[in-house]
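Here is a short report on one protein structure. Keep the sequence and the model in view while reading.

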Amino acid sequence: MFKSIREDIASVFDRDPAARSTWEVITCYPGFHALRFHRLAHALWNMKLRWLGRWVSNMGRWMTGIEIHPGATIGRRFFIDHGMGVVIGETAEIGDDVTLYHGVTLGGTSWNKGKRHPTLQNGVVIGAGAKVLGPIIVGEGAKIGSNAVVVKDVPPGASAVGIPARIIMGDKDKSREEKAAKLGFSAYAVTSKAEDDPLAKALQGLLDHSVEQDHRLEQLQREIEGMKVRAEDDRAVTDRFSPGRLRQVADK
Ligand SMILES: CC(C)(COP(=O)(O)OP(=O)(O)OC[C@H]1O[C@@H](n2cnc3c(N)ncnc32)[C@H](O)[C@@H]1OP(=O)(O)O)[C@@H](O)C(=O)NCCC(=O)NCCS
């Protein structure tokens with residue numbers, strides 16, 4: 001038991017740069033307290049002392065704002081940062097070295113008995129406010145963005161963001177266009193699902209058309225400049241509408 005407590009304390013230091021001393025972790029980290037309550041509640045639950053397990057779990061919830069069903073299985077070095085509002089359902093399974101932030105729900109989507117909550121494999125990180133719903137699997141080392149709603153499996157090592165969550169791969173060195181093609185994304189975040197929507201379809205058509213026009217204008221501009229015709233004014237107008245410039249304006 002002491003080994004497990006020491007490990008849990010060490011995991012706080014590994015994952016929270018704000019942690020300064022063991023005493024601080026023991027006295028001021030609700031995630032640490034919730035885990036201690038859960039270890040006891042889970043042991044009672046497994047001993048078929050179901051009411052007592054629920055009661056201990058509820059005490060933990062009062063003290064920490066973190067609700068973990070005593071039936072949930074939690075691996076080693078689990079860390080909940082901040083904690084308030086975390087809910088972990090009865091059939092959730094959590095591997096080793098998993099990190100959750102406040103407001104995370106590992107919830108069910110059906111009232112049927114049996115496995116109805118997610119499985120998080122080792123090393124998963126779930127951002128603040130994210131909801132992971134149903135008996136899905138979040139693969140080893142995957143990351144879930146804050147406020148995402150995840151309803152499908154997430155492959156190992158992937159990051160998922162948004163509602164419903166979509167996968168973004170960790171390929172920062174790839175160009176935006178390559179990433180988009182790989183993920184089947186359309187530029188301007190009009191997703192393939194949205195393509196079923198006639199309004200989105202029309203918008204997509206207009207956007208594609210305007211991108212094509214931009215390219216043609218750019219080509220014409222270059223040819224005019226190649227003919228040594230003075231075209232600074234025209235260049236200024238073209239640049240105002242170039243995709244790069246539009247992105248800058250949108251970012252402001
Ligand atoms: C999901 C996450 C892990 C991704 O991190 P990353 O791999 O470094 O990814 P990037 O920051 O390069 O972002 C990649 C893309 O996803 C978008 N993105 C990142 N996080 C997002 C989120 N939570 N929701 C929606 N989109 C998100 C970015 O805007 C970027 O989009 P772009 O390619 O169109 O510019 C991270 O953003 C996150 O949400 N971590 C949780 C942090 C948290 O909850 N902290 C609480 C501390 S109290």
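The sections below cover the sheet, the cores, the salt bridges and the surface of this predicted model.

Five strands form an open sheet in the order 1-4-7-10-13, with parallel pairing. Strand 1 (67-68) and strand 13 (149-150) are the edge strands, and each pairs on one side only.

Valine 132 has valine 150 in strand 13 as its bridge partner.

## Nonpolar cores

The largest nonpolar core has 30 residues. Those that touch the most other members are Phe78, Ile88, Leu100, Leu106, Leu120, Ile126 and Ile144. A second, separate core has 7 residues, among them Ile9, Val12, Ala19 and Tyr29.

Take leucine 100. Leaving aside residues up to four places away in sequence, leucine 100 touches Phe78, Phe79, Ile80, Asp81, Val86, Ile88, Leu106, Leu120 and Ile126. In soluble globular proteins, nonpolar side chains tend to be buried together.

## Salt bridges

The structure holds 11 salt bridges. One of them joins glutamate 7 to arginine 77, at 3.2 Å from N to O. This pair links distant parts of the chain, 70 residues apart. Glutamate 7 sits in helix 1, and arginine 77 in the loop between strand 2 (73-74) and strand 3 (79-80). Glutamate 7 counts as buried because its relative accessible area is 16%, under the 20% cut-off. Arginine 77 is partly exposed, at 23%.

Glutamate 24 and arginine 20 form another salt bridge, at 2.8 Å from N to O. Glutamate 24 is buried, with 14% relative accessibility. Arginine 20 is exposed, with 69%.

Lysine 115 and glutamate 93 meet at 2.9 Å, N to O, in a salt bridge. This pair also links distant parts of the chain, 22 residues apart. Lysine 115 lies in the loop between strand 7 (105-107) and strand 8 (119-120), while glutamate 93 lies in strand 5 (residues 93-94). Lysine 115 is partly exposed, at 36% relative accessible area. Glutamate 93 is partly exposed, at 36% relative accessibility. Elsewhere, salt bridges with shared partners join Glu7, Arg15, Arg76, Arg77 and Asp97 into one network.

## Surface and helices

Met47, Leu49, Trp51, Leu52 and Trp55 make a nonpolar surface patch of about 550 Å². Leucine 52 belongs to helix 4 (residues 50-64). Its relative accessible area is 33%, so leucine 52 counts as partly exposed.

Alanine 10 is in helix 1 (residues 2-15) and is partly exposed, at 36% relative accessibility. Alanine 10 and valine 25 are 15 residues apart in sequence, with their C-alpha atoms 9.4 Å apart.

Notes:
Residues are numbered from 1 along each chain as its sequence is written. This is a predicted model: local features need pLDDT of at least 70, side-chain atom pairs count only at pLDDT 80 or more; totals for chains, interfaces and linings use all residues. Side-chain values use heavy atoms; hydrogens and water are left out. Patches are made of residues with over 30% relative accessible area and no salt bridge: like charges are joined within 9 Å, nonpolar side chains (Val, Leu, Ile, Met, Phe, Trp, Tyr) within 5 Å. Accessible areas come from the Shrake-Rupley method with a 1.4 Å probe; for residues, only the protein chains shown count as cover. A salt bridge is a side-chain nitrogen of Lys or Arg within 4 Å of a carboxyl oxygen of Asp or Glu. Helices (H or I, at least four residues) and strands (E, at least two) are DSSP runs, numbered from the N terminus. Buried means under 20% relative accessible area, exposed over 50%, partly exposed in between (1.4 Å probe, protein chains only). Two strands pair if DSSP finds at least two bridges between them. A nonpolar core is a set of buried Ala, Val, Leu, Ile, Met, Phe, Trp, Tyr and Cys residues joined through side-chain atoms within 4.5 Å. Contact means heavy atoms within 4.5 Å.
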